[in-house]
Amino acid sequence: REREREREREREKEREREIKPSLKSGGSPQSRFQVDVVTEASSATPASTNGSKPPEESKGRPRVVGFLDFGALGSAMDIGLPPDVFHEPDTTRSDSVSLHSTGTGHTHMSDSHSNTYYMRTFGHNTIDAVPNIDFYRHTAATLGEKLIRPSLSELHDELDKEPFEDGLANGEEPSAAEEAAAALAAKEAKGGTIKFGWVKGVLIRCMLNIWGVMLFIRMTWIVGQAGIGLTIVIILMATLVTTITGLSTSAIATNGFVRGGGAYYLISRSLGPEFGGSIGLIFAFANAVAVAMYVVGFAETVVEMLNDVDALMTDELNDIRIVGTLTVILLLGISVAGMEWEAKAQIVLLVILLAAIANYFIGSFIAIESKEPKGFFGYNTAIFLENLGPDFREEETFFSMFAIFFPAATGILAGANISGDLTDPQSAIPKGTLLAIVITGITYVAVTISAGSCIVRDATGDHNDTVSDTVNCTDAACTLGYDFSICKEGGCQYGLMNDFQVMSLVSGFGPLISAGIFSATLSSALASLVSAPKVFQALCKDNIYPGLGVFAKGYGKNNEPLRGYVLTFCIGLAFILIAELNIIAPIISNFFLASYALINFSVFHASLANSPGWRPSFKYYNMWVSLAGAVLCCVVMFVINWWAALVTLLIVLALYIYVSYKKPDVNWGSSTQALIYNQALTHCINLTGVEDHVKNFRPQCLVMAGYPNSRPALLQLVNSFTKNVGLMVCAHVRTVTRRPNLKELSQEHARCQRWLNKKRIKAFYTHVFSDNLRHGAQFLMQAVGLGRLKPNTLVMGFKNNWSDGDMRDVEVYINTIHDAFDLQFGVVLLRLQDGLDISHIQGQDELLSSSEKPPVGSKEVVVSVSLGKDSESDSCPPKITTNQSSPLIMLGKVIMAQVNTKSPLSLTDQRLLETSQQFKKKQGKGTIDVWWLFDDGGLTLLIPFLLTNGSKWGDCRIRVFIGGKINRIDHDRRAMATLLSRFRIDFSDINVLGDINTKPKKHSKLSFKELIEPYRLKEDDMEQEAAERLKAQEPWRITDNELELYKAKSNRQIRLNELLKEHSSMAKLIVMSMPLARKGTVSSALYMCWLETLSKDLPPLLLVRGNHQSVLTFYS
């Protein structure tokens, strides 16, 4: 790919050189847009017609479509040109192209300047590519090769510059799994996978799964209990649920390409991994246990037949186990043989099943006198009218009948479950599923009406029970010459109510009904045996549940999940050996219903989210109908079995919570994301219409932290008072010497945000490029935020090493504070005596994603990086020897400046590392000392209150220190206590300092004098012009006039430091009003000296100054 792009750039440069001479020679008769003909010999290798790929493509890498790539751009027909366009060799080229008719019936594509013809399509003479479906494929596309369109920088940047990659199309990085899938797709293309159409793949499977044993064994009994009318109502209710679910399934299946995984794939890609992962696991398990259910049903029928001829091997229970085990082994063999064999077996079973159904209907028209004593009289109006109403017995009810019948209507996902084996899932799933529901629904209604019209409810089977007393005999059978009234006392074995095998009696050939029962059970068992591994394989491929990846491996050209087959076989065999499925059966039905409910809810949720990506080609759905379908499914769950419904919901909830907690690293663009976005956008817009109120004020902090892991202490402390309360933005000002690589930046941004999430710091990461910290901070303070979600407080670390560096950096730092006040921001500075920045000693591997970490068991290397101060604002990422500027450690590459194995840290660095983690742990008992010397609106008091509200600082008590007069100490204390109580802020003590204005000690004043000495202008010792010139060059210099003017304020900072050491040396944290310096009057050096003097040699100190707008109120 790189070689291809290099050739394209060389050709572009060549054409540029050819264009320039023609532009200079004004007398040229050619068009000013004309270039020389580019022959095919110099073009990219065309795609060969025999399907072979160029060398670069054969490695599984996506092909880059560029200039003169005929195979990628296609012919004129590919872009919709008229079919009668014929091509002629091109001579000169121009930007203007037109189509005209020659009068001969042909259309030519010509140049409007020179009236010559084109041989190639529009867009042939540029790197810019025309629209192509292959640009939009995923990396692991199975329907075609993925192509990469030229990046914006390749089209936009100067030709002499080295272009860089903006990232893959669709914004996707190919993971290892995707690369493997792409390789598998290429292998499949060579081997020719077996795919099914909508009839064989969906319609037949769904019909076989829906037509179960219920049709032949329980349908007539339900008609006897509920009557024809209510039975049809039951069928219509069940069909309504399955039809709505079928419509929802069709909508999801036609909203993009569907891969293997059936219900799991549909739900997970719509609602996200939480719902998809939970339903996928129980759906696969339900299908596995359903294999046992159907096989046991088959085995019971076989054992009954053996019992009738006295041919039992041992006893009935063990015979069921033996027959069931042999049957499931046979089904496993068919499944493992491949999907083609399984499909052939399904067709054979369908033929038998259809023959059995036809056999019943044919037999119902053939009334035989010998069958009359057993209740079959042929179609008769009297029998129809008698069976029209219900006759519930043995405490059965309408809902109990519905619960028994509903499993016969399930199975509509049998086709969707093998979506990966369908030729066109988007077309096949809607057509096959909905048609299967219609056909099977009609069949059930027809059997209901037929059985209710020709079979009486009770019959003795005795030829001698003819009518003797016409007065007391009122049943329909009496009009036909038989008296079955003795059955009211019980004991009869024939009729709708008593004989489960009555369809065999009615049919023309009884054994064919038994064959139909075998076909129904075996086909359903086979469909479930295939569905469970396919769904489970898709679930394991997504790696939602760790440890299950071993079942993701596929074998053969169809990627058969052989390990999944074995697992399903083992689960099925275990339940077959139990042979008692009365308890587990309702749970399975509820598992299927939970899947249906979530599919319906997925459509409602996706429609509600109104995402532009939700545009299914199947239009016959409605979001409210889907919601009603979801509610109906939940109701049916409780109607069938309330405790099984509760168990199902608890299991789904438990799995949902587990997946939510684990947070799998997947992004499928689910409707949950879309709805969250919608809600966030709506709430943000709603907030803009409401004026800010003091009761709702919360500190929204713009934290100048650089890379997040450079100053963890700063982030952790701010997070302690903004978590779940206010906005926190981790800002990074970067100064760069080269054009930034956008792909690197996006990856770096993702790593920084991932680091914040991993550390459970609720913050956003953002960066900006600027020439210095001040300008970058200006950009951030003005641009960061959305509506009311906008920072109002600037948080920075104290510049500990300011006296060792360039004073221009101090000027920038102090001016940043001034800019914050100009923009009405509050300002917070954090000072730790050991410093905040640990980037020069800490390896940056913490910013790596889990997939980029070295494998477990590999040899660990302790990385120590020796760096000076970073040029990029206030952060210190490791310097990199390649052309990358991000602090990344990539596997197999050493990109650090100095890498030493096992280099011990100095004592200073060890102490710094320990200090950087001090706000991470719970603080324990202690005090937060609040020195509220100046009223800034209350921010100095609000921050400590928010800190103590959290769990880390919850054990700390607030002590308040205020300034006052010696003769009014008690009065000032009471006034402050009253104010705090009205603010409803708990405090342990109030200290009134009456000696703030006392002169500081001599040695303290001497230290301050030594501190400011290097930064004084000393204008009295030089000429005025020289002094003015020096002040202009170095505006941070302290003038003698300024020093004298602010002498009292300087002494106050010195004195306050003495008082802080006296009263708060043991505090866990000091929060203090930050002194202000008048802009343009106080030099940066003097202001920095004040801050340094005030905060040195103290516990962790927060200097806080609000914007002097009230943030506290005592009004309700």
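**Exercise 1. Find the helix that contributes the largest share of the nonpolar patch, and list the patch members.**

Step 1. The largest share comes from helix 21 (residues 642-662), with 6 residues. Helices (H or I, at least four residues) and strands (E, at least two) are DSSP runs, numbered from the N terminus.

Step 2. Phe638, Trp642, Trp643, Leu646, Val647, Leu649 and Ile651 make up this surface patch of about 610 Å². Patches take residues with over 30% relative accessible area and no salt bridge, joining nonpolar side chains (Val, Leu, Ile, Met, Phe, Trp, Tyr) within 5 Å and like charges within 9 Å. A salt bridge here is a side-chain nitrogen of Lys or Arg within 4 Å of a carboxyl oxygen of Asp or Glu, and areas come from the Shrake-Rupley method with a 1.4 Å probe, where for residues only the protein chains shown count as cover.

Step 3. Look at Trp643, which lies in helix 21. Trp643 counts as partly exposed because its relative accessibility is 33%; buried means under 20% relative accessible area, exposed over 50%, and partly exposed in between (1.4 Å probe, protein chains only).

A word on the model before you continue: it is predicted, so local features need pLDDT of at least 70 and side-chain atom pairs count only at pLDDT 80 or more, while totals for chains, interfaces and linings use all residues. Residues are numbered from 1 along each chain as its sequence is written, and side-chain values use heavy atoms, with hydrogens and water left out.

**Exercise 2. Describe the protein chain as a whole.**

Step 1. Its secondary structure comes to 34 helices and 14 strands.

Step 2. Of its 1116 residues, 50% count as buried. The accessible surface is about 51900 Å², and 57% of that belongs to carbon and sulfur atoms.

Step 3. Take contacts (heavy atoms within 4.5 Å). Among those between residues at least 6 apart in sequence, 79% join residues at least 24 apart.

**Exercise 3. How many disulfides does the whole structure have?**

Step 1. The search finds 1 disulfide, defined as a pair of cysteine sulfur atoms within 2.5 Å.

Step 2. The partners are Cys487 and Cys492, with sulfur atoms 1.8 Å apart. Their link is left-handed, at -95 degrees about the S-S bond.

**Exercise 4. Work out the setting of Ser453.**

Step 1. Ser453 sits in helix 14 (residues 425-454) and is buried, with a relative accessible area of 7%.

Step 2. Its side chain reaches the backbone oxygen of Ile449 at 2.6 Å.

Step 3. Leaving out residues up to four places away in sequence, Ser453 touches Ile228, Gly378, Tyr379, Asn380, Ile383 and Phe384.

**Exercise 5. Where do Glu395 and Asn724 lie?**

Step 1. Most residues other than glycine have a negative phi. Glu395 has a positive phi of about 60 degrees, and Asn724 also has a positive phi of about 60 degrees.

Step 2. Glu395 is in the loop between helix 12 (381-388) and helix 13 (398-405), and is exposed at 80% relative accessible area.

Step 3. Asn724 is in the loop between helix 23 (712-722) and strand 6 (728-734), and counts as exposed at 61%.

Key: Polar contact = N/O pair within 3.5 Å; in protein donor to acceptor, adjacent residues only side chain to side chain.
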